[in-house]
Amino acid sequence: PGTFNINLNTGDVTVRSLLDRETLSKYDLTAFAYDGAEPSRTSTMTISIDVLDANDNSPVFYPVKYFVVLQSDFEQEEPVVQIRATDKDDGINAVLEFEFIDGDTSTFSLNEQNGQIYLRKPVKELKGNSYDLKVAVKDKKGRKSVENAIIQVIVESEKLRYLSCVENLYKFEITEDSSISSPNIGREVGKVSLEDNSETNLV
C-alpha cells in the first residue's frame with residue numbers, strides 16, 4: 001500500500017514511492033472498478049508488477065583478505081584458493097568476472113569465471129617464497145567492486161613458523177546499538193590469542 005496509485009478516471013497505474021528490487025521484486029495488486037449506474041456494475045482485477053533490476057549494486061568480496069600456506073606436497077592441479085564475491089543484483093547484472101590487477105601472473109593463474117587461483121609451476125620450484133596478489137571483480141555490465149581482494153600466499157620452508165590458537169572456539173556477546181543514539185563504533189568485542197612456541201601474542 002502506498003507504493004502505487006491508480007487514476008480513477010483513466011486507469012493509469014503510477015509509482016508513488018521508491019522501488020528497490022532487492023527489497024521487493026514483485027507486487028500483486030487488486031483493483032476494484034465500478035460505474036455510475038444505478039445499480040452500479042462492478043469488476044475486480046489483479047495487477048501483477050515485476051520490478052526489473054537496475055544494476056545499482058557493486059559486487060562485494062567476502063572475505064576481502066585471504067592467507068594461504070602451500071605445503072611441499074601441494075598438487076599443482078588443485079586450486080590454491082577460492083576467491084568469493086556476491087552481487088545483490090539479478091540476471092546478467094549478477095554474473096561476475098574476476099581479474100588479476102596485481103601480482104606474479106607468471107606463477108599464478110586465475111579462473112575468471114569462478115575465482116579460483118592455480119599455480120603455473122610446481123610448488124617445489126617456489127620453496128620459501130611469498131606472494132601478494134590482488135584480484136578485482138566486475139559484473140557483465142562492467143560495474144566493479146569497491147574493494148579488491150588481497151591474497152597472501154606463502155610457500156612452506158624450514159624457516160616457516162606456525163602459530164596456533166590458544167582456544168579452539170572464541171564466543172563473545174555484545175549489546176546491540178540503540179536506534180535512538182549514534183552507533184558505538186570501536187568498542188571492544190573481545191580478544192583472541194595465538195601461541196608461538198612459549199610466547200603468547202594478543203591479536
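Arg-187 is partly exposed, at a relative accessible area of 29%; here buried means under 20%, exposed over 50% and partly exposed in between, with a 1.4 Å probe and protein chains only. Arg-187 and Asp-177 form a salt bridge, with the closest N and O atoms 3.0 Å apart; the term means a side-chain nitrogen of Lys or Arg within 4 Å of a carboxyl oxygen of Asp or Glu.

A quick word on the source: this is a predicted model, where local features need pLDDT of at least 70 and side-chain atom pairs count only at pLDDT 80 or more, while totals for chains, interfaces and linings use all residues. Residues are numbered from 1 along each chain as its sequence is written, and side-chain values use heavy atoms, leaving out hydrogens and water.

So, how many salt bridges are there by this rule? The count comes to seven. One of them joins Asp-50 and Lys-26, at 3.2 Å from N to O. Asp-50 sits in strand β4 and Lys-26 in strand β3, 24 residues apart; strands are DSSP runs of E, at least two residues, numbered from the N terminus. Asp-50 is exposed at 51%, whereas Lys-26 is partly exposed at 39%.

Now, friends, Arg-41 and Asp-35 also meet in a salt bridge, at 2.8 Å. Arg-41 is exposed at 64%, and Asp-35 is partly exposed at 24%.

Last, a sheet: three strands form an open, antiparallel one in the order β7-β11-β10, where pairing takes at least two DSSP bridges between two strands. β7 and β10 stand at the edges, each with a single partner strand, so one side of each has no neighbour in the sheet.

Methods:
Helices (H or I, at least four residues) and strands (E, at least two) are DSSP runs, numbered from the N terminus.
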